[in-house]
Amino acid sequence: MWDFFISIFVNVLIWIYDVVGNNFGLAIILFTILIRIVTWPLNAQQMKGAAAMQELQSDKEWQAIQKKYAKDKEKLAQEQMRVYREKGINPFSSCLPTLIQFPIIIALYQSIIRALASTPLDLLKLSRSISLPNVSDLIPLNSKFLWMDLGRPEAVVIFGLAIPTLALIVAITTYIQAKLTMPTSTTPGDQSAAMSGMMSIYMPLLLGYFALTFASGLSVYFITSNVLGIVQYAMQGKANWRNLIPGALQKK
Amino acid sequence: MRKKFILVITILLGAVLLSACAGGPVHGSTWSGLAADGSTVYLADGSVYAVNLSDGKPLWRYPGSTKLAFYAPPVVTPDGLVIIGSAGTDHSLIAINPRDINPETNAPVDAWKFTGAADHWVAAPLVVDNKLFAPNSDGNLYILDLQDGQSVKDATVVELGGRLWAQPRTDGERVYITSLDHSVFAVDADTYDVVWHENLGGAVPGSVVLSEDGMLYVGSLASRLEKFDPATGKHQAVVDAENWVWSTPALEGDTLYFGDVDGNFYAFNTSTGKLNWNPVKPDGPITASPLIKDDHILLATESGSVFAIGIDGKTVWTQKIGGKIYTTPVTAGDLIIVAPLETDFYLAALNANGGQVWTFTPEN
């Protein structure tokens, strides 16, 4: 089943690669846009959830239970869940698109590795994954894109130092995206805000680590996906630009 | 709190799953490299193993790691060094000396190391007198002087392009190299100039064969067997196969034997320009090159079988080894050595009738 899923990714990637004139980097970017379109309903749901969470912060009942149960964390959590239930809010909805990304990331990583086929066995597996006609003239795929070899981790050597530029861009764009979509909370002890805050720290580090370690084609996916996410939020006027300013929440 | 825990676990699980994709030198990551001399079998399967030909007992192991992972067929030089190329993150080509074993590690000591390549070593290098013609996945042919251990650091580089996955062949005048960028190159053996360069319309993962009629033959992923004039590079398709021709054809007299990844096995007569018989279909895809032994053609399939086929195309015997066989078997002494994947053992030795003589499983 999983292999079938990978095969779909591989075929779509190779088809785009063929259409755009044998450019695998461009194929990954267009593929990412396609993924964003397919996962659009999930993203929309996430934005809706984030907006609901935002509104909740100014809800009087919400503020009252925060004060009332400030010293009883267990009771506070129970009351919060009750309010979530009553108002039809899923506190995890803002995390969902991030979590949905994981199977896509894993499948895309395996698809890139399979499509670029750096070993004989990979090349043989690739031949079995492709259902497009006349691909023998496309294989092996050109793994070069700008300064990168998409099948390898990326680093630019500046004055003898290998700088992982893509990993840095991945970490920065992931941080920006996470911060922009994070609901503003002024309530101390708000677990969902704490969770979002935690995600905005861990996810850039995690994805940055992936970008540092794995094929740079995956970094192209991360960056494209993050930039599209940022643009999407900004265009819908739902981006919290204030969250990018360190300490903005505390001052409020 | 519980939900936070689930979230973190989910992220970590994703990280672990993705990390598992990268891996180190693992048996089965790709197919192994196999070689043998009169007394020893050399297997590159992450680490490099030396096994006693007569009984399958381990002699030594040169350990692999994520940095150094060996899958290219080892090559034994006339002075007894074993050359192994890494497909790990370190792209070294190393000559190890089996006569100089470190007693603490039971691994041979490095005689020299060439670190000038930029990508994986998949192909076995070719030794010609004191020169080593070493094709790398970075598209370069590195020509090393083997006269002493120091000269190898100053390799001559011939930039060809594409990934070079097959061992070069030579007729003494020119060295022929194939590339996954669909090309076959002829390089002057003395000046290292590219004499000609031809495109076959499909990647070429196998080596060329020099036939008795003075022509070159090579298969490609364009599903064709092509015939070349070695002087000019002028070529034409002589067999349209059903699917990719991965393996290097084996030559016996005026007949070339080769298989395709659909599992068809062909016998092409270079004198008549026709197939000797309609392709036979043993039992699975063929990526390993056939071997000629005595009056038989030995053939290994992905289905884990070894076939002895007569020159009339009839099967003489079959031995089911198990697992999947992609690596070209080797013959040494009276034995046929096979390196399957997805089995408990890494090597199996068969006698001339296909009977299993020994198997080799590395110690943990």
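**Exercise 1.** Are α2(A) and α10(A) parallel or oblique to each other?

*Solution.* This is a predicted model, in which local features need pLDDT of at least 70, side-chain atom pairs count only at pLDDT 80 or more, and totals for chains, interfaces and linings use all residues. Residues are numbered from 1 along each chain as its sequence is written, while chains are lettered from A and ligands numbered from 1 in the order in which they are written.

Step 1. Take the axes of helix α2 (residues 24-38) and helix α10 (residues 216-235) of chain A: they come within 9 Å and cross at roughly 45°. Axes are lines fitted to C-alpha atoms, for helices over the stretch in contact, and angles run from 0 to 180 degrees between N-to-C directions. Helices (H or I, at least four residues) and strands (E, at least two) are DSSP runs, numbered from the N terminus.

Step 2. Apply the classes: under 35 degrees is roughly parallel, over 145 roughly antiparallel, 65 to 115 roughly perpendicular, and the rest oblique. α2(A) and α10(A) are therefore oblique to each other.

Step 3. List the contact residues (C-beta atoms, placed from the backbone, within 7 Å). α2(A) contributes G25(A), I28(A), I29(A), T32(A), I33(A) and R36(A), and α10(A) contributes G217(A), V220(A), Y221(A), T224(A), S225(A) and L228(A).

**Exercise 2.** Classify the packing of α4(A) and α5(A) and name the residues that meet.

*Solution.* Step 1. Helix α4 (residues 60-68) and helix α5 (residues 73-87) of chain A pack at about 170°, with axes 10 Å apart. α4(A) and α5(A) are therefore roughly antiparallel to each other.

Step 2. From α4(A), E61(A), W62(A) and I65(A) meet L76(A), E79(A), Q80(A) and V83(A) of α5(A).

**Exercise 3.** Which strands stand at the edges of the open sheet in chain B?

*Solution.* Step 1. Write the order of the four strands, β29-β30-β31-β32 (chain B), with antiparallel pairing. Two strands pair if DSSP finds at least two bridges between them.

Step 2. β29 (330-332) and β32 (356-360) of chain B each have a single partner strand, so one side of each lacks a neighbour in the sheet. Neighbouring strands are turned by 25° against each other on average, direction ignored.

Step 3. Inspect one pair: three bridges join β30 (residues 335-338) to β31 (residues 347-350) of chain B. V338(B) stands opposite A348(B) in β31(B).

**Exercise 4.** How many residues of domain 1 of chain B are in contact with domain 2 of chain B?

*Solution.* Step 1. The domain assignment, automatic or from a database, gives domain 1 (30-124 + 147-155) and domain 2 (288-364) of chain B.

Step 2. 16 residues of domain 1 of chain B touch 18 residues of domain 2 of chain B.

Definitions and conventions: Two residues are in contact if their C-beta atoms, placed from the backbone, lie within 7 Å.
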